[in-house]
Amino acid sequence: MSVNTLPSPASNHYSLQTLKDEARHLVEKGVLSRQQPIYTLCQYIPAREWIGVECELDRCDFLLRDRIGDLIACEVWEND
């Protein structure tokens, strides 16, 4: 079984906005659910980058057990 990982940002640093964008993309593709904990993103981020991700999440007051929906906040719906 292979796991697709997200490409590393050029700076080797994941900003909060980058994490939000990547999480939103994975949710839109149906790979992840808004209800899953943030730590499930570790399956799609290279292991060598994960400590930086944890630090950025901590800096922004997110816990790994928080839901992805909390990270990506609101979504815009085109039709109701």
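I am working from a predicted model, where local features need pLDDT of at least 70, side-chain atom pairs count only at pLDDT 80 or more, and totals for chains, interfaces and linings use all residues. Residues are numbered from 1 along each chain as its sequence is written, and side-chain values use heavy atoms, with hydrogens and water left out.

**Helix H1.** I looked up which residues of H1 are buried (under 20% relative accessible area, with exposed over 50% and partly exposed in between; 1.4 Å probe, protein chains only). They are Leu16, Leu19, Ala23, Leu26 and Val27. Down the axis of H1 these buried residues fall within an arc of 100 degrees (taken from the directions from the axis to the C-beta atoms), so they line one face of the helix. Glu28 and Lys29 are exposed on the face turned away from that buried side. Just after H1, I found Gly30 with a positive phi of about 85 degrees.

**Salt bridges.** I counted three (a side-chain nitrogen of Lys or Arg within 4 Å of a carboxyl oxygen of Asp or Glu).

- Asp21 pairs with Arg24, with the closest N and O atoms 3.6 Å apart; both lie in H1, three residues apart.
- Glu49 meets Arg48 at 4.0 Å, N to O; Glu49 is buried at 8% relative accessibility, while Arg48 is exposed at 66%.
- Arg59 and Glu56 have their closest N and O atoms 2.7 Å apart; Arg59 is exposed at 58%, and Glu56 is buried at 6%.

Methods. Helices (H or I, at least four residues) and strands (E, at least two) are DSSP runs, numbered from the N terminus.
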